[in-house]
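My entries follow in the order I made them.

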Amino acid sequence: MNSKNIITPNRQIVLDTETTGMNQDGKNHYEGHKIIEIGAVEIINRRLTGNHFHVYINPLRLVDVEAFNVHGISDAFLQDKPVFKDVAKEFIQFIDGAELIIHNASFDVGFMDYEFRLANVDFITASHCMITDTLAMARRIFPGKRNNLDVLCERYQIDNSHRTLHGALLDAEILAEVYLAMTGGQTSLTFNQEDNGQMNSSSTLSMQHKIMREQFNLKVIKATDNELAEHNKSLDKIDKKSDGAIWRK
């Protein structure tokens with residue numbers, strides 16, 4: 001697989017996958033489980049572009065009951081879907097060179113690289129993409145707390161009421177909002193698009209709600225009398241060498 005192998009840092013892809021199941025040791029991509037859905041949305045310069053990649057995949061095996069209860073994707077639904085090898089080229093074209101934003105990245109990237117190997121596709125994700133794990137980020141920001149996607153939505157006041165089942169594209173869209181909130185409370189922007197993915201002449205840029213951070217009770221420490229006296233001495237020196245300290249105006 002020829003690849004440009006140039007990471008573009010201002011282009012980010014928020015990505016999620018759904019799979020046929022998970023083994024007790026957590027290494028399901030080494031034990032025969034497969035990807036059945038990929039959802040990814042594009043961010044450029046901290047703006048959602050409306051460009052996305054979404055596909056269901058026939059895993060050529062059954063979906064575990066436990067996994068079906070999570071995402072609701074059935075064996076019957078997947079029967080007529082393409083196999084991973086048939087979508088690999090288009091998928092690589094979408095993610096190649098971007099920074100991938102993934103919640104619990106080792107899980108999804110492990111599956112992706114496993115699928116690439118099975119399909120005899122010469123592509124190792126970490127060699128072509130920068131990988132950012134939002135779970136690791138959340139654990140640094142909120143140490144010792146639960147940090148799954150639903151909990152993070154609650155903390156950052158992001159509406160996920162429409163998320164009754166896990167779905168790769170929906171979860172990627174929600175994670176994009178969470179990531180922007182975690183990294184600065186960025187307002188997200190979306191575009192109206194035609195079915196072919198091209199901007200139409202009447203497309204409008206719509207501003208969504210500002211993502212609000214949690215309210216924190218900050219401890220206020222007031223200056224002591226000695227500290228205030230020293231501060232005033234410093235202002236006196238500034239007054240002598242200038243038109244007056246702005247703190248006294």
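**Confidence**

I began with residues 186-213, where pLDDT stays under 50; the model has 55 contacts beyond four places in sequence for this stretch. pLDDT is the predictor's confidence in each residue, from 0 to 100, and contact means heavy atoms within 4.5 Å. Where pLDDT is low, the predicted coordinates should not be read in detail. The chain averages a pLDDT of 81, and 73% of the residues score at least 70.

I noted the ground rules: this is a predicted model in which local features need pLDDT of at least 70 and side-chain atom pairs count only at pLDDT 80 or more, while totals for chains, interfaces and linings use all residues. Residues are numbered from 1 along each chain as its sequence is written, and side-chain values use heavy atoms, with hydrogens and water left out.

**Sheet**

I looked up the strand order next. The open sheet has five strands, ordered β3-β2-β1-β4-β5, with mixed pairing. Strands (E, at least two residues) and helices (H or I, at least four) are DSSP runs, numbered from the N terminus; two strands pair if DSSP finds at least two bridges between them. β3 (47-56) and β5 (130-133) are the edge strands, each pairing on one side only. On average, neighbouring strands of this sheet are turned by 25 degrees against each other, direction ignored.

I then checked β4 (residues 99-102), which pairs with β5 in the parallel sense over four bridges. Ile 102 has Asp 133 in β5 as its bridge partner. Helix α6 packs on the sheet, touching β4 and β5, and its direction makes about 45 degrees with that of β5. Helix α3 (residues 84-95) lies across β1 (11-19), β2 (35-44), β3 and β4, and runs at about 170 degrees to β3.

**Helix pairs**

For angles I used axes fitted to C-alpha atoms, for helices over the stretch in contact, and N-to-C directions, from 0 to 180 degrees.

How do α3 and α4 (residues 105-118) cross? Their axes come within 10 Å and cross at roughly 125 degrees. In α3, Phe 84, Ala 88, Phe 91, Ile 92 and Ile 95 meet Met 112, Glu 115 and Phe 116 of α4. I count seven nonpolar, no polar and one charged residues in this contact; Ala, Val, Leu, Ile, Met, Phe, Trp, Tyr, Cys and Pro are nonpolar, Asp, Glu, Lys and Arg charged, the others, Gly among them, polar.

α6 (residues 134-141) and α8 (residues 168-182) pack at about 40 degrees, axes 11 Å apart.
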